[in-house]
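Subject: Structure handover and notes

Dear colleague,

I am passing on the structure we spoke about, and below it I have set down what was found in it. Please read the notes with the structure open beside them.

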Amino acid sequence: MQVPVTIVTGFLGSGKTTLLNRLLAQPALAGAAVIVNELGEIGIDHLLIAAPAENMVLLDTGCLCCTIRGDLVQTLSDLRDKRVSGAVPPFSHVVIETTGLADPVPLIQTIAADPDVGGAYRLHDVVTMVDAVNGAAQLDAQPESVKQAAVADALLVTKTDLAAPQAVRALRGRLEALNPGADVHEVVDGRIDAAVLLRGNVYDPATKSVELERWLKARRFAAEVTPKLTLPLRERAGSPALSGGRSELGSPHAHDIRSFALYHDRPIRRAGLMMWLDMLAGLKGANLLRVKGVLNVEGEPVVVHAVQTVVHEPVQLEAWPSDDRRSRLVFITRGMEREEIERTFEAFDYAPRSRGIDAAAYAQFVNAMKGFGK
């Protein structure tokens with residue numbers, strides 16, 4: 001069974017050290033493996049009790065901790081091999097702490113796509129910490145902090161006891177506009193229930209459970225938010241098959257980030273979905289910070305999830321979670337308008353012929369491809 005992986009990221013001084021020390025003492029992460037960068041900020045010396053293997057230590061919480069020397073693939077592979085051989089205690093969860101200036105996307109790519117680790121691990125969630133005192137200025141000045149927030153499943157606003165209440169409210173509103181799909185929590189001194197924070201992503205292979213509406217949060221992407229933080233909601237006119245809403249950060253330093261939801265009323269062909277995912281990641285991936293959705297694929301509900309060029313394997317659900325059979329997709333993009341995505345939906349109708357060369361099918365393919373080239 002694949003071990004779930006949580007990535008904890010956040011800008012310098014956001015409180016990752018304090019949070020992880022709190023989390024590791026809770027039952028939800030009992031016996032977890034923690035991976036820290038050799039130059040990371042985590043202060044764990046007071047927790048160390050033994051060294052079961054080179055570069056790895058046991059904590060008095062029962063967790064296993066190691067540092068990255070080389071690359072993440074090697075570290076994860078070493079952990080996997082030592083777990084199988086019994087050289088280290090078994091662990092049921094991995095937590096990776098990034099440095100404050102890190103882009104979390106390469107870590108996501110490694111866990112989701114690297115063949116050396118993909119069979120043993122799966123991405124569980126991304127937790128991003130934002131300092132209530134300095135967070136607004138960091139979002140204005142540091143593209144890394146914007147990206148960390150945009151790809152998060154959960155956003156923790158820390159040091160709220162040191163910031164003015166109006167500043168905390170403004171920062172929360174800005175984060176919710178930047179990433180409407182993330183759960184936002186206010187945290188003081190790293191105190192949060194690990195079971196609540198680490199609820200994970202859409203699909204758990206162990207239980208085959210899905211909390212689709214909580215994960216997708218499409219209504220948040222389509223709802224108008226505080227005018228001071230975003231531009232007004234706009235609806236696309238003239239397309240019966242597509243509808244949606246958009247919120248855009250109004251700050252002049254917003255790094256061109258947009259969030260929006262799109263709906264598609266017609267069932268999607270399986271071949272069309274695979275072509276759309278491949279072309280979207282290949283040609284538009286650099287500007288797609290986050291894509292999540294549930295699609296009606298020939299009548300069946302299919303969950304899709306992508307981060308930039310990394311497309312997770314689509315998962316077919318056992319049943320529709322509600323009576324709504326529309327395809328629903330939410331996007332967080334950089335430098336892309338929703339109309340650019342809508343143009344690519346021509347690919348959904350693509351159905352290749354099984355034998356020979358069919359002129360009509362080829363023409364349909366060429367027409368679908370046009371949307372990706374604009």
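One place to begin is Lys217, which sits in the loop between α8 (212–216) and α9 (218–222). Although Lys217 is not a glycine, its phi is positive, at about 50°. Because its relative accessibility is 9%, Lys217 counts as buried. Please keep in mind throughout that this is a predicted model.

A second residue with a positive phi, Asp189, is likewise not a glycine, and its phi is about 55°. Asp189 belongs to the loop between β9 (183–187) and α7 (194–197), and because its relative accessibility is 39%, Asp189 counts as partly exposed.

For the overall picture, the protein chain contains 12 helices and 16 strands, and 52% of its 374 residues count as buried. When contacts between residues at least 6 apart in sequence are considered, 74% of them join residues at least 24 apart. The protein chain exposes about 16400 Å², of which carbon and sulfur atoms supply 52%.

The mean pLDDT of the protein chain is 79, with 73% of its residues reaching 70 or more. Among the elements, β8 has the highest mean pLDDT, 96, while strand β10 (residues 242–248) has the lowest, 39. Over residues 38–53 the pLDDT stays under 50, and for this stretch the model has 41 contacts beyond four places in sequence. The pLDDT also stays under 50 over residues 224–254, where the model has 73 such contacts beyond four places in sequence.

If neighbours within four places in sequence are left aside, Leu175 is in contact with Val130, Leu139, Ala149, Leu155 and Val157.

Strand β11 (residues 257–264) deserves a separate look. Why is β11 described as largely enclosed by the rest of the structure? The reason is that 8 of its 8 residues are buried. Both of its faces are covered, with Ile257, Ser259, Ala261 and Tyr263 buried on one side and Arg258, Phe260, Leu262 and His264 buried on the other. β11 is joined by 8 bridges to strand β16 (residues 327–334), and the two run antiparallel. Within that pairing, Ala261 has Val330 of β16 as its bridge partner.

Helix α2 has 14 residues and reaches 20 Å from its first C-alpha to its last, which is close to the 20 Å expected at 1.5 Å a residue. Leu72, Val73, Thr75, Leu76, Ser77 and Leu79 are buried in α2, and the helix is followed by Gly86, whose phi is positive, near 85°.

In helix α3 (residues 105–113), the buried residues are Val105, Leu107, Ile108, Thr110 and Ile111. What covers the buried residues of α3 includes β1 (3–10), α2 (72–85), β6 (94–97), β7 (121–131), α5 (143–150) and β13 (300–307).

Because its relative accessible area is 17%, under the 20% cut-off, Leu107 counts as buried. Leaving aside neighbours within four places in sequence, Leu107 is in contact with Ile7, Leu72, Ile96 and Thr98. Leu107 and Leu123 are 16 residues apart in sequence, and their C-alpha atoms are 9.6 Å apart in space.

With best wishes

Notes. Residues are numbered from 1 along each chain as its sequence is written. This is a predicted model: local features need pLDDT of at least 70, side-chain atom pairs count only at pLDDT 80 or more; totals for chains, interfaces and linings use all residues. Side-chain values use heavy atoms; hydrogens and water are left out. Buried means under 20% relative accessible area, exposed over 50%, partly exposed in between (1.4 Å probe, protein chains only). Helices (H or I, at least four residues) and strands (E, at least two) are DSSP runs, numbered from the N terminus. Contact means heavy atoms within 4.5 Å. The expected span of a helix is 1.5 Å times one less than its number of residues. Two strands pair if DSSP finds at least two bridges between them. Accessible areas come from the Shrake-Rupley method with a 1.4 Å probe; for residues, only the protein chains shown count as cover. pLDDT is the predictor's confidence in each residue, from 0 to 100.
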